Each structure stands twice: as C-alpha cells, then as structure tokens.
Amino acid sequence: METLVGQANPPATADADLIKDVTDRTFLQDVIEASQQVPVLVDFWAPWCGPCKQLGPLLEKVVREARGALRLAKVNVDVERGVAGQLGIQSIPAVFAFKGGQPVDGFVGALPESQLKAFVQRLLGPGAEPMGYDEAIEAARLALEKDGDVEGATEDFLAILAEDPANPAALAGLARCYIAANAPDKARETLDKVPANANNHPDVEGAQAALALLEQSADAGEVATLRAAVERAPDDLQARYDLAVALFGAGDKAGAIDHLLDLVKRDREWDEQAARKQLVKVFEALGPTDPLTLSSRRRLSSLLFS
C-alpha cells in the first residue's frame, strides 16, 4: 500500500469492453449505471505506486477470465480525485466492488491471485461458474517448494479452499504446507477432506506419501545418533535404513536417497526389498518430475539391472 502522493502519468491501455479508464465525469455511466447489469470492480491506482503495478495486471486477468460476468474500471487518483475523495480513499491500491449501483465490498493493498479470485467468486455469488484455480495453485505450490514460503502458500491454499472446499490439488497443497511445518495431525485432517473419488489424484497421492514418510521419521531416531551408528558399523543395514528415514524427515532428501541406494547396492533383498520400496515412496512424495526423482530413478535402475 502507498499513500496518495506522486506525479500524474497516462494510464495503461485497457480492453475497451471489459476494462475502462474512468474519470470523475464518466464514473456515473461506467460504474454506477454499468453495475446495474454486471458487477464492476473499481481499481484506484497511480503510476508511481509499486503495489498497483502488481495488482493491476492480476485484476485485468481475472476480469478477462470471468468472460463478461464483471467489468473493471480503472481510476488514476493523480488525475481523478473527486470520486476517490468521496469514498474516503487514503491509500492505494484500493479496490471497490459495485453491484446494483452501490459499493458492496472492497479491499486495500495488493492481493495474491488466489485471494483475488476468491474475492471475485464471492462477488459473483454461489451460482456463478467457478473461477479457474490451476494457475493460483501452481503459484502457491512454487511459493512453498521453490521459495520455502510456508505461511504465504498456506494462505493461498486456504483462500482457494474457501471457494472450492473439495479441490483435491488445493487440499494436497495445504497438506504439504502442514507437512513442511511439521504438523502431521493438521496434514492428516486436511487429507481426510479429499473426496473419495479424488484419492488417486497425483497431488493427493504425493501428499499422502510425504505424510507417511514424515510420520515414519518420528520413530526412526535422532540423525546424529544413527549417523554415528552407521559410521561405527557400515554393514548394519537396519541402522542405515533408519538413518535414511530420519534424514528424509529432517529435510535431507538427497542424503536419504543416497543411503537407500547404498542399501540396495549392498543387499537389494534385505528385509523383503525394504530399501527399494522406501525409494518408491520417496519418489512418490517428491513427484515424478522432480529433478531428484529423475536422477535417482536412473541410479536405481542401473543398480537393479546391472
């Protein structure tokens, strides 16, 4: 959010039908009257406002995705101060939703795409066609896996689930967040909400595998103690297996895989192929396209078929 100071610049070009640059003079026609037909989002922005530059493109994208179910009116507060003053706007970006000629909802500040879609879904009502969540889910997933932003990803998945409670990918993503936060009970509670016909969804299966590995690691023992045991007795296969389990729970996925592959190399039949089976669980938890999965599968294949 930024306060209302700065220099005027011309606004960006918008779609003529759905997205308009609105002035104080045209506000009555383009917002008040137009909102009698479809809801209108009014984006109060300024060219110098950093958060406005983040929010503006997302607003335009969501409006286009709604395919005519709502419109966007953009008001440059550096140039058009009348309506902004009447609505008491003191910081931007500020978004007001008009419906039936009246402001009915709004927010201040830049929202992530998932929360913005949830806002629009509430505005359109329960009978509206659900907004697409694929990109929002992918963005939340990347925030968790690439950036390590557990809190932000959790908020994004919760926002999606507020509008689509049975979305299996979002439920799996939220469970992953709880797994990353070492909260297995919350993760299990979340996965229990997955509809029965979606239990074989790839994201759900991966989250279930990750949760099983986390719960398993709780009983494996301390990493330092197990590492010392393996160093003392390299042929103690149970200690090596337990170390691999503990390492995965501690977040050292590559280290866990190395020890499991070493187990396969030493004795692939040990404990009814426990090491190979554990590797399959790890690959499922990481996902089939994870670089570590791809490289480790090749290493496993070379051991099994050499």
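Modeller: Helix H9 contributes the most to the lining of the largest pocket, with seven residues. This is a predicted model, and what follows is computed from it. H9 spans 202-217, and five other helices are listed with it as each supplying at least two lining residues: H5 (134-145), H7 (168-180), H11 (237-249), H13 (274-286) and H14 (291-304). Of its 35 lining residues, Glu 145, Arg 176, Lys 253, Ala 285 and Leu 286 are the closest to the centre. By class, the lining has 17 nonpolar residues, eleven charged ones and seven polar ones.

Now the cysteines. The structure holds one disulfide, formed by Cys 49 and Cys 52. Their sulfur atoms lie 2.4 Å apart, and the cut-off for calling such a pair a disulfide is 2.5 Å. The torsion about the S-S bond of this pair is about 80 degrees, so the disulfide is right-handed. Both partners, Cys 49 and Cys 52, are buried. Cys 177 is also a buried residue, because its relative accessible area is 1% and the term applies under 20%.

To return to the request: the lining of the largest pocket draws at least two residues from each of H5, H7, H9, H11, H13 and H14, with H9 giving the most.

Methods:
Residues numbered from 1 in each chain as written. Predicted model: local features only at pLDDT ≥ 70, side-chain atom pairs only at ≥ 80, totals over all residues. Heavy atoms only, no water. Buried < 20%, exposed > 50% of the residue type's maximum accessible area, 1.4 Å probe, protein only. 1 Å grid on protein atoms, 1.4 Å probe; cavity = no way out; pocket = protein on both sides within 12 Å on 5 of 7 lines; lining within 4 Å. Helix = DSSP H or I, 4+ residues; strand = E, 2+ residues; numbered from the N terminus. Nonpolar A, V, L, I, M, F, W, Y, C, P; charged D, E, K, R; others polar.
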